[in-house]
Amino acid sequence: MTPAKVHRLGYVLFALFTLTAPWVLPLFVDGFWVDIYSEMLIWSLLAASVNLLFGYVGLLSFGQALFFGMGMYGVAIGVAKIGLGFWPAFGFGIFLATGMALVAGIFAVRLTWHYFAIITVVFSLIFYFTALSWKPLTGGDDGLSFSMPPMFTFGEDNEISLTDPTVQYYFIVTCVGLCYALMALVLRSPLGRALVTVKENDMRASLIGLNVYLIRLTAFVCAGFLAGVAGSLFAFFGRYASASYMFYHVSGEAVVWAIIGGVGTLLGPVVGATLLITLREELSHAWEHYLILVGVIVILVVVFAPKGLGGLWLALVNRLFGGTKAPPARAEDAPRATPKAGPGEEKP
Amino acid sequence: MELVIALGMNGIVWGLIIALIALGLSIIFGLLDIINIAHGDFFMVGTVLAWFVLETTGNYWLAFFIVPVIGFAMGALIEYTVIQPIKNAAALSIVATFGLSIILQESVRGTFGAAPTRLVPPIETTVPLFGLEYEVYRLFAALVSIAAIVVFFGFLHRTKMGTWMRAVRFDPETATAMGIPARRVYIVTFAIGFAMAALGGVVAAPITTVDFQAGVDILPFCFMAVIIGGLGNLEGTVAAAVMLAFFEGIMASFFDPTIARIGSLCLMSIVLLIRPHGIFAGATR
């Protein structure tokens with residue numbers, strides 16, 4: 001088998017698992033893991049938005065929670081305050097997040113590297129504090145809960161709504177899957193190549209006639225869209241929106257998921273989010289201060305596998321199946337770290 | 001009017017404490033190229049250690065001497081175990097220090113507890129100042145901060161280690177070639193950064209609350225001071241910290257504190273966009 005085939009097999013297995021999870025997961029573990037798995041998929045979209053910016057254009061954003069929060073509040077305010085139906089509210093949330101990303105991006109992408117990281121934090125903090133103090137609209141610290149509007153209604157009392165767990169699961173899977181497909185499509189297009197060019201060397205990119213500013217802005221808006229979809233889905237998932245999800249700690253967590261999973265790989269964020277949320281769910285019952293362990297794992301990954309688990313996986317596949325290109329980042333680390341990476345790569 | 005003076009004064013005092021903490025952040029950033037997300041938690045560890053010293057010895061003044069020393073040791077240890085291995089991947093410093101921040105917060109929550117605690121200031125008297133009764137401890141806190149900042153600048157410009165630090169920051173390769181032990185300089189720099197944040201914690205603990213989340217609130221403010229003052233411009237950091245806190249104090253006397261915070265954040269984004277190299281760029285060099 002060639003490495004490409006192994007990767008394709010991995011994708012197929014992952015897709016199969018995701019599609020059959022509502023039946024497969026309860027065979028092995030408690031039924032609530034289906035719910036947690038859909039939550040992981042939602043969060044992985046937020047990590048994917050960090051990945052799109054950091055892994056493909058080289059901009060480290062510490063403010064993606066802003067667009068997540070915009071999507072979340074778009075849905076919650078749309079349903080609870082404006083009285084929108086399901087689809088208009090969903091659209092409103094995504095529209096709000098993407099529009100916000102456009103406005104913020106016009107200013108933010110003028111800066112790069114440290115300055116970019118800091119201005120994205122500042123923007124998200126401004127709106128965090130605004131959401132916190134604008135109680136009549138956002139509910140402030142208490143948050144804003146709403147009751148789920150139906151997706152479709154047939155006749156008098158037949159309706160399809162997310163209150164049915166199976167519908168909710170497949171709705172989330174469909175949306176997340178579409179987002180990843182869209183991202184893969186964009187990354188393969190000429191625009192995707194341009195993104196990587198800008199990341200590798202923005203001076204050369206501008207010399208061969210690429211509009212660096214516009215490319216960065218496009219990526220920023222796309223990332224805002226991904227985060228917005230994640231936020232809207234999360235609002236539907238929890239029937240709830242709260243300012244606390246806009247705080248910069250949420251953005252930080254997304255950055256950690258993306259980097260643990262491996263930036264610059266399409267599904268790395270899913271692996272990172274899945275692994276760390278599984279750790280959270282499993283360890284939080286066993287040990288109250290499990291976060292210490294999470295911190296240790298984060299540091300270990302950064303020190304020993306700077307390309308993340310996705311990078312380890314690529315190195316492993318290349319080594320086992322005779323890949324000739326792209327040797328492992330640190331040859332001596334790959335075999336030693338493999339047992340640790342194993343459970344993360346298989347979907348739990 | 002009295003409220004404006006009181007909050008403005010509080011702002012200046014708070015700004016001096018922030019300046020002390022932000023200086024630590026600034027040298028770590030300037031010398032090691034590490035964006036230290038855990039710096040706010042170094043401050044928080046300082047407040048908790050101060051509380052601990054007060055609980056065990058009953059004497060708050062001891063904390064002013066013991067806590068910076070503990071901070072220095074912890075900083076050296078962290079540099080050696082966490083920062084040194086990622087030196088060749090500075091982009092990942094944000095993630096590594098994020099992990100560090102989680103560890104510090106969770107350790108404090110496990111040992112100290114989750115509930116915020118207030119400390120009684122060691123000096124409880126007040127003096128009449130500008131027509132109001134002002135707490136002596138706050139004046140004392142400002143004095144300690146100024147003294148520490150002056151000592152730090154003296155150290156940086158008058159001692160061998162300080163000269164080494166400036167040399168390594170200017171050009172690490174030439175400095176190493178000239179025989180300066182760069183690794184030791186990195187360790188000392190990080191340790192001093194931690195010690196300054198911890199001292200800031202001791203000074204601030206009786207004014208604010210001792211809380212495992214205190215670092216999360218203070219971190220953006222320190223970064224603002226570093227950025228507005230200009231990355232690597234240490235004098236600018238001090239000036240920006242005092243100005244920002246004063247501005248926020250004055251704003252807070254007219255508006256809700258959250259609105260004041262939003263105001264200073266907006267001010268900061270404007271500065272970042274118009275003068276990304278700080279408001280003092282060009283003034284010093």
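Modeller: The residue I would take is Leu275(A), which lies in helix α12 of chain A, the helix that runs over residues 268–286. The model is a predicted one, and every value below is computed from it. Is Leu275(A) buried or exposed? There are 23 other C-beta atoms within 10 Å of its own, and a residue counts as buried at 20 or more, so Leu275(A) is buried.

Now the chain around Leu275(A). Chain A has 15 helices and four strands. Its radius of gyration is 20 Å, close to the 20 Å that the globule rule gives for 348 residues, so chain A is as compact as a globular protein of that length. Its C-alpha trace spans about 60 × 55 × 40 Å along the principal axes. Of the 348 residues in chain A, 47% are buried. Among the contacts of chain A with a separation of 6 or more, 72% join residues 24 or more positions apart.

What span would a straight helix of 26 residues have? At 1.5 Å a residue the figure would be 38 Å, but α1(A) spans only 30 Å between its end C-alpha atoms. The helix bends by about 85 degrees at Ala21(A), and a proline, Pro22(A), follows within four residues.

Next, the partner. Chain B has 11 helices and four strands. A compact globule of 285 residues would have a radius of gyration near 19 Å, and the 19 Å of chain B agrees with that. The C-alpha trace of chain B spans about 60 × 50 × 35 Å along its principal axes. Buried residues make up 49% of chain B, and residues 24 or more positions apart account for 77% of its contacts with a separation of 6 or more.

Where the chains meet, 33 residues of chain A and 34 residues of chain B take part in the contact. On the side of chain A, the elements that give two or more residues are α5 (113–133), α11 (248–261) and α13 (291–304). The largest share, 13 residues, comes from α5(A). By class, that side has 25 nonpolar, seven polar and one charged residues.

Helix α11(B), residues 257–274, reaches 26 Å from its first C-alpha to its last, close to the 26 Å expected for its 18 residues. Its buried residues include Ile262(B), Leu265(B), Met268(B) and Leu272(B). The buried residues of α11(B) pack against α5 of chain A, together with α9 (214–229) and α10 (234–254) of chain B.

In soluble globular proteins, nonpolar side chains tend to be buried together. Here the largest nonpolar core has 211 residues, and those with the most contacts inside it include Leu226(A), Ala230(A), Ile18(B) and Cys222(B). Helix α1 of chain B, residues 2–32, gives the most to this core, with 17 residues. Leaving aside residues up to four places away in sequence, Cys222(B) touches Ile18(B), Ile21(B), Ala22(B), Leu25(B), His39(B) and Gly40(B).

Note on methods. Residues are numbered from 1 along each chain as its sequence is written. Chains are lettered from A and ligands numbered from 1 in the order in which they are written. This is a predicted model: local features need pLDDT of at least 70, side-chain atom pairs count only at pLDDT 80 or more; totals for chains, interfaces and linings use all residues. Two residues are in contact if their C-beta atoms, placed from the backbone, lie within 7 Å. Ala, Val, Leu, Ile, Met, Phe, Trp, Tyr, Cys and Pro count as nonpolar, Asp, Glu, Lys and Arg as charged, and the others, Gly among them, as polar. The radius of gyration is taken over C-alpha atoms; the globule rule is 2.2 Å times the number of residues to the power 0.38. A residue is buried if 20 or more other C-beta atoms lie within 10 Å of its own, exposed if 12 or fewer, and partly exposed in between; C-beta atoms are placed from the backbone. A nonpolar core is a set of buried Ala, Val, Leu, Ile, Met, Phe, Trp, Tyr and Cys residues joined through C-beta atoms within 7 Å. The expected span of a helix is 1.5 Å times one less than its number of residues. The bend at a residue is the angle between axes fitted to the seven residues ending there and the seven starting there.
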